[in-house]
Structures are given as C-alpha cells and as structure tokens.
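Here's a quick tour of one protein chain, from a surface detail to the overall shape. Have a look at the model first.

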Amino acid sequence: MKISVVFGTRPEVIKLASLIKQLEVDESVDLHVCFTGQHREMVLPLIDFFELKVDSHLQLMQHNQSLALLTSNVITAMDQYFEEIKPDMVIVQGDTTTAMCAALAAFYRKIKIAHVEAGLRTHNMLSPFPEEMNRRTISLIADLHFAPTEGSKINLLKEGVNKEKILVTGNTVIDALFFTLQKVGESNGYAISADFDDKRIILITGHRRENFGNGFENICKAIRELAVKFPSYNFIYPVHLNPNVQEPVTRILNGISNIQLLPPMGYIQFTQLMQKSYLILTDSGGIQEEAPSLGKPVLVMRDTTERPEGIEAGTALLIGTNKDDIVNNVSALITDRDLYAKMAMAQNPFGNGTAAKQITERTVHFLKPNNAFTYIRPELSAP
C-alpha cells in the first residue's frame, strides 16, 4: 500500500514526524514524504532533527504571497505530484493551506484521505483565519479522521461524519514533545544560552492573522506594561518574520531592558525554553497542547480557541487581546501562588504520546483488502 504524507509548515512536520517514523518501519507500507516548502527555513532543520527521509521538495513559497496565490500554486503542484506518485492514501495534518490544498487535490483524483488532528472547531469561520475554513474543508472530504480528543470527535459527529471513520488518538504533538525531550536529554548539542537562567521567564509567541493591527498593538502595549511592572521577570519573545508582526513588536517593545526580542527560534530550543519558562503568553494552537505536559500555564491571546479541552481542564485560559485583560491575568498568575499551582498541576487532556502508533495501525488496517468501508461523504451542517 502506497501512502503519501504531505506537509509544508513547521507545526505540520513536528506533528507528523512521529507518524512518519512509525510508517517507515511498517513493512506493509510504501511511504512517500512530500514537503511543499511553505515554511522552508523553519522546516529543514526539523527534518534533520527528526531524521526524516523526504522524497519530494516542491519549494512553493514566494515572498509575501497572498492566500489565493498560495492556494492555487499548492493545488496545481499537488495535482502533478499525485499524478506521478499515485498513492493509495494521502495523510495531511491540521488546518494549514498546505493540508487543505493537498486534501482537495487528492479528492479530485479520488485518492483516499486521512486527516490527523481532525475535528478542531471554533465555529467561527473568521477565527482563526483561514484555518477554520481549511479544517472544515478537509473534514468534508476525508476518509479517516484522527481526532485528538473526545470533544473533537463530537464536533465531527455533529457534522455528520460516520463514527466508524473517527478514532480518538490524542495529539501527535505530545509524541514529538516526548521524542524531543529524550533526544535533547541524551545530547549536549542542543543547549540554549545560559542567559535565560538569571530571571523567571515569561515566554511569548504571536502570529495569528486575525490579531494583525489593533490586536498586536494591544498585545505589545500589555507586554510593555508588564515588563515595567515586574522587572525581575524576563519577557522573551521570538518574533515571527511576518511584517505585520515585526513592525508593531519592534516599534513598541524595543529598548526595554527585560524584554528580549529574538529571531524565530528552532523547535528544539523553543521546547527547552518552554521548560524553563514560568508561564506562556501565546496565540498559537500547538503550544496550548504542549505546555501542559511541562506544567506551564498558558494564557491564550485570542477571542476563540479550537482547543477548549485545555480551558475546561484548567491548563489554559482564554484572555483575548484587550490590553487590560492581558495585564490583569498575567499579574494574577505572578502574584497568586495558589492560582498558579492550580493551572500548573492540571492534567493535560491532549494525549499520552501514543497517537502515531494508533494512527499507523488504523490506517494500515483500513487500506488492507476487504477492510475498506465506503460511505457517502457528509454535507457540512451547523453544529
């Protein structure tokens, strides 16, 4: 059975690495791995770190390209790729433009589709944008849905997905986190700078399109106020390369002694920085899943989240982008030890590190002769 795994961004390769390694050692699988090049500079070091064999590099990234141009380029390239490779199944992950386009191109060629991290929903098509549309589109056409949580499974069932096609596995990002911590622990080659040891760290990430403009202005003003209010804390912000992020961050936060604005950080070093941090301020999705395994409270600077399980478990708190709300919530976690301990000790609802093994077993079983189950793909309905 020929299986093609497609990824294009840093989060995708992190969350697919353990699955690729599982599929590599399965003798029944003819594996072909394709990298579209959407996040080339950030992905190539991870391919080396996870020791992945990539068969095709499509190099589709162009500077400051629009979503429409990226979408058309990826669909065209993936269609040509599938014509050449002719896989029995295509595996995509998450909600990126690469994942949606690869799934759509596979659907046009009537190739089976498996969706890793299926069923995440905010029920708001503009938040996150365009990710909510991307993942809903994949759910309409996928043959296998690997949901990270029971809540994600319920979302899919409400949309009419056949329950036989859904498997709750936990999130593969936890598999990657455990692999990374073990590999880093066995080597001295990945140590981050000792400069991060002198103060407690507030770790910050931010890159969401829906926060561009006023959202990032408010986030930056809140960070500046917090840095002045808590001079014994080190506010570390690896700044995304997008100009819509770089401009307000640099303008508002430059020159403050306990704020460090860093270039985008590699996954390995960032994982270690998460370990060293006191709490994390983010608008990311994956960090909401990883940080609880490290006992780090997460404050989510978004108005919605497709990962409500973290909110419900108490590992994360949804605080939006209002400046005062950010300042008040961070201040509370710094000054209230009981509140901090309650979040830090909450149980991670996103998995135990066995997702890749479960996905491999289910996929191989599905593709075996006489085991495939045909059903009519559902129309998307309101939850």
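Is Met133 buried or exposed, or something in between? Met133 is partly exposed, because its relative accessible area is 32%, between the cut-offs for buried (under 20%) and exposed (over 50%), with a 1.4 Å probe and protein chains only. Keep in mind that this is a predicted model, where local features need pLDDT of at least 70, side-chain atom pairs count only at pLDDT 80 or more, and totals for chains, interfaces and linings use all residues. Residues are numbered from 1 along each chain as its sequence is written, and side-chain values use heavy atoms, leaving out hydrogens and water.

Met133 sits in helix H5 (residues 131-141); helices here are DSSP runs (H or I) of at least four residues, and strands (E) of at least two, numbered from the N terminus.

Now for strand S6 (residues 144-147), which is covered on both faces: Leu144 and Phe146 are buried on one side, His145 and Ala147 on the other. S6 pairs with strand S5 (residues 112-116) in the parallel sense, over three bridges; pairing takes at least two DSSP bridges. His115 stands opposite His145 in S6.

Zooming out, the protein chain has 15 helices and 13 strands. Some whole-chain numbers:

| Property of the protein chain | Value |
|---|---|
| Span of the C-alpha trace along its principal axes | about 65 × 40 × 40 Å |
| Buried share of the 383 residues | 56% |
| Accessible surface (Shrake-Rupley, 1.4 Å probe) | about 16300 Å² |
| Carbon and sulfur share of that surface | 50% |
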